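The following exercises are intended for a reader who meets this protein for the first time. Please study the sequence and the model before reading each solution.

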Amino acid sequence: MAGIVLKDIKKVYPGNVVAVHECNLEIKDKEFVILVGPSGCGKSTTLRMIAGLEEISEGELYIGDKLMNDVAPKDRDIAMVFQNYALYPHMTVYDNMAFGLSLRKVPKDEIDRAVRAAAEALNLTEYLNRKPKALSGGQRQRVALGRAMVRNPSVFLLDEPLSNLDAKLRTQMRTVISKLHQKLGTTFVYVTHDQTEAMTMGDRIVVMKDGFIQQVDTPPVLYDYPCNIFVAGFIGSPQMNFVDAMISQKGDAYYLDFLGYSMPIPKYKGGKELFGNYVGKEVVFGLRPEDLHIAADPSAVDQSTVISATVDLVELMGAETYVYMDCNGTRLMSRSQERFAGKHGDTAQFAVNLDKIHLFDKQTEQAICH
């Protein structure tokens, strides 16, 4: 069993610079967990504390059932894959992959079996006699993965392993790493700043900001039910639209007033117990671009959901169309699978999917409803 438990983990650098605040996280055995967030949020520091490459200032770290705070990295039964591959340039692919086992005095026939099995799994067999400089970036990254694989560790730690690759290679390597996790049945902890990687690869995602964990959940839950404005804006590409709004009441119905429009909040979203204290107060209204639809025929949609906006830019992305617009001084974006004939300066109508609105408290930035 190789579950990982972080209890009140804290990292403080000299000068009382706190990089990670009271981190509490439980990673299940064989789970693929991704730490994601902007640069400087503490995700790599957290990974390096799990690896033993950074000293833990406060708290307790367990791998399996064993307290690891004072255990040397080499004794933690982990393997780490780095952003810069960290391959030995003078060694062949075979020797790079075999190096860790050779240091452990593993018999040569066992090393050979392990290296060739890993090479076959990663489509590296034909490159075993080459030096790293003769390989592409994606091939070098597969060698780094293979070097970790042959050790058969309980935990894989991956620190932004794809950030040096171009977009096409990153897509390919995401598939390679996901299949590798399924094949090995090992615990993976993966750090990235790329939320697309997080959404497509992880069993669960840990969203971090300024050294604090914001939310831990599965990709669909994070996308549909973000706990605050930061998570809502960080998860999802293109980013969620945010608009300042007010909540008003007419009878027992509640309305969302924004940009000169007033739209009814679906009753199942909540009633007096949820919205009563917000009547007349400013909130933040969030709407994902795919929930702001092009209303090619406004008469075919509920008029209470339609807004009018001036088209700023239209991007045809192939299967999708992105429309950037200005609605009474606020910039919004629509993503649609329909083609759009409008151009810069045109006035067009767009329908809000009221079932998909997100409301956030203006002061605390915490979610009110989804």
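The exercises below concern a predicted model, and each is followed by a worked solution.

**Exercise 1. Describe the protein as a whole: its secondary structure, extent, burial and surface.**

Solution. Begin with the secondary structure, which comes to 9 helices and 21 strands. Next, consider the extent: along the principal axes, the C-alpha atoms fill a box of roughly 80 × 45 × 35 Å. Finally, examine the contacts with a separation of 6 or more: residues 24 or more positions apart account for 66% of them.

**Exercise 2. Determine which residues of helix 1 are buried, and state the phi of the residue that follows the helix.**

Solution. Helix 1 spans residues 43–51 and is mostly covered, with 7 of its 9 residues buried. The buried residues are Lys43, Thr45, Thr46, Leu47, Met49, Ile50 and Ala51. After the helix comes Gly52, which has a positive phi near 90°.

**Exercise 3. Identify the buried residues of helix 2 and the helices against which they pack.**

Solution. First, list the buried residues: in helix 2, residues 93–103, these are Val93, Tyr94, Asn96, Met97, Ala98 and Leu101. To read such a list, recall that an α-helix has 3.6 residues a turn, so residues three or four places apart point the same way. Second, name the partners: the buried residues of helix 2 pack against helix 3 (108–121) and helix 4 (137–149). Third, look just beyond the end of helix 2, where Lys105 adopts a positive phi of about 60°.

**Exercise 4. Describe the packing of helix 2 and helix 4 by angle, axis separation and contact residues.**

Solution. Start with the geometry: the two axes cross at roughly 30° and come within 7 Å. The crossing of helix 2 and helix 4 is right-handed. Then assign the contact residues; helix 2 contributes Val93, Asn96 and Met97, while helix 4 contributes Val143, Gly146 and Arg147. Sorted by class, this contact has 3 nonpolar, 2 polar and 1 charged residues.

**Exercise 5. Are helix 4 and helix 5 roughly parallel or roughly antiparallel, and which residues form their contact?**

Solution. Helix 5 covers residues 167–184, and it packs with helix 4 at an angle of about 15°, the axes being 11 Å apart. Angles under 35 degrees count as roughly parallel; helix 4 and helix 5 are therefore roughly parallel to each other. Their crossing is right-handed. On the helix 4 side, the contact is made by Gly138, Gln141, Arg142, Leu145 and Met149; on the helix 5 side, by Leu169, Met173, Val176, Ile177, Leu180 and Leu184. By class, the contact residues divide into 8 nonpolar, 2 polar and 1 charged.

**Exercise 6. Locate Asp8 and Asp210 and state how accessible they are.**

Solution. Take Asp8 first. This residue lies in strand 1, residues 4–13, and has a positive phi of about 50° although it is not a glycine. With a relative accessible area of 43%, Asp8 is partly exposed.

Now take Asp210. Its place is in the loop between strand 9 (204–209) and strand 10 (212–217). The phi of Asp210 is likewise positive, near 50°. Its relative accessibility is 53%, and exposed means over 50%, so Asp210 counts as exposed.

**Exercise 7. Where does Phe234 lie, is it buried or exposed, and which residues does it contact beyond its sequence neighbours?**

Solution. Phe234 lies in helix 8. The cut-off for burial is under 20% relative accessible area; Phe234, at 18%, therefore counts as buried. Leaving aside neighbours within four places in sequence, Phe234 is in contact with Val36, Gly37, Pro38, His193 and Gln195. As for Pro153, 81 residues away along the chain, its C-alpha atom is separated from that of Phe234 by 32 Å.

**Exercise 8. Which residues are joined by a cis peptide bond, and where does Pro238 lie?**

Solution. The cis peptide bond joins Ser237 and Pro238, with omega about 0°. Pro238 is found in the loop between helix 8 (229–234) and strand 11 (241–250).

How values were computed
Residues numbered from 1 in each chain as written. Predicted model: local features only at pLDDT ≥ 70, side-chain atom pairs only at ≥ 80, totals over all residues. Heavy atoms only, no water. Buried < 20%, exposed > 50% of the residue type's maximum accessible area, 1.4 Å probe, protein only. Helix = DSSP H or I, 4+ residues; strand = E, 2+ residues; numbered from the N terminus. Contact = heavy atoms within 4.5 Å. Axes fitted to C-alpha atoms, helices over the stretch in contact; angles between N-to-C directions. Parallel < 35°, antiparallel > 145°, perpendicular 65-115°, else oblique. Left-handed = near helix turned anticlockwise from the far one by under 90°. Nonpolar A, V, L, I, M, F, W, Y, C, P; charged D, E, K, R; others polar.
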